[in-house]
Amino acid sequence: MDMTLDDIKRRKMLQTAATAVGGIAAISVAIPFIESMQPSEAAKAAGAPVEVDIGTIRPGQLLTVAWRGKPVWILHRTDAMLASLDQHDALLADPLSKQVQQPAAAANPSRALRPPFLVLVGICTHLGCVPSFRPEPGGAELGPQWPGGFYCPCHGSRFDLAGRVFKNVPAPLNLVVPEYSYLGDSRLVIGAAPPKA
């Protein structure tokens, strides 16, 4: 059977149409499949950075926010609190924070990007309890050498006002300083590293 020029044109048009319809069908199947591999909105929110207004935190006040399902503390330290940080290094297990638990930008005696504001994950490095904020120096149950800081009631671990662990307590490491950066004078974002200079 001989094909005419019209038959050949019709056949090419049908092949082109079939190829186009098949391509559209393949794309319509591929898009939902590819989207199913992306993290869900809940997963994105669980790991998303958290923006915090620190302009209302008074000196000496501790604010707790949730980030990645963990409590994160933001402490606005007073001048007296900052001055006390170098007074008790002999009592600390890792006073210079050589075992890295903070971003490089916060690797300093105050363990902060801006010394008045301390940002810590509020979970004891021993077994994951949440320490209590005990800023008052001294104290009957904590002893006269207590400079103020954080006390874990579960097993007695103690941390100073920079989150550094004391010697001879169950916690092996300083409290963790998460990645964070400032968005201005009164806002910071937890979970985002500061821009590199």
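Modeller: Let us begin with burial, where a residue is called buried under 20% relative accessible area, exposed over 50% and partly exposed in between, with a 1.4 Å probe and protein chains only. Gln101, at 9% relative accessibility, therefore counts as buried. This is a predicted model, in which local features need pLDDT of at least 70 and side-chain atom pairs count only at pLDDT 80 or more, while totals for chains, interfaces and linings use all residues. Residues are numbered from 1 along each chain as its sequence is written, and side-chain values use heavy atoms, with hydrogens and water left out.

Colleague: Where does Gln101 sit, and which residues does Gln101 touch?

Modeller: Elements are DSSP runs numbered from the N terminus, helices being H or I with at least four residues and strands being E with at least two. In those terms, Gln101 belongs to the loop between helix 3 and strand 4. Contact means heavy atoms within 4.5 Å, and, not counting residues up to four places away in sequence, Gln101 touches Arg111, Leu173, Asn174, Leu175, Val176 and Val177. By C-alpha atoms, Gln101 is separated by 63 Å from Gln15, which is 86 residues apart from it along the chain.

Colleague: Is Arg111, one of those partners, buried or exposed, and what is its phi?

Modeller: Arg111 is buried, because its relative accessible area is 0%. Its phi is near 55°, a positive value in a residue other than glycine, and Arg111 lies in the loop between helix 3 and strand 4. Arg68 also has a positive phi, of about 55°, although it is not a glycine; this residue is placed in the loop between strand 2 (62–67) and strand 3 (70–76), and counts as partly exposed because its relative accessibility is 49%.

Colleague: What should I read from Arg58?

Modeller: Arg58, in the loop between strand 1 (50–53) and strand 2, is exposed, since its relative accessible area is 55%.

Colleague: Which side chain makes a polar contact with that of His88?

Modeller: A polar contact is a pair of N or O atoms within 3.5 Å; within protein, one must be able to donate a hydrogen and the other to accept it, and residues adjacent in sequence count only if both atoms are side-chain atoms. Here the side chains of His88 and Asp160 are joined by such a contact of 2.9 Å. His88 is found in the loop between helix 3 (79–84) and strand 4 (117–121), and is buried because its relative accessible area is 6%. Leaving aside neighbours within four places in sequence, its contacts are Pro147, Asp160, Arg164 and Phe166.

Colleague: How many helices and strands are there, and what is the radius of gyration?

Modeller: The protein has three helices and nine strands, running α-α-β-β-β-α-β-β-β-β-β-β from the N terminus. The radius of gyration is taken over C-alpha atoms, and the globule rule is 2.2 Å times the number of residues to the power 0.38. For a compact globule of 197 residues that radius would be near 16 Å, but the protein has 29 Å. Along the principal axes, its C-alpha atoms fill a box of roughly 110 × 35 × 25 Å, and 34% of the 197 residues count as buried.
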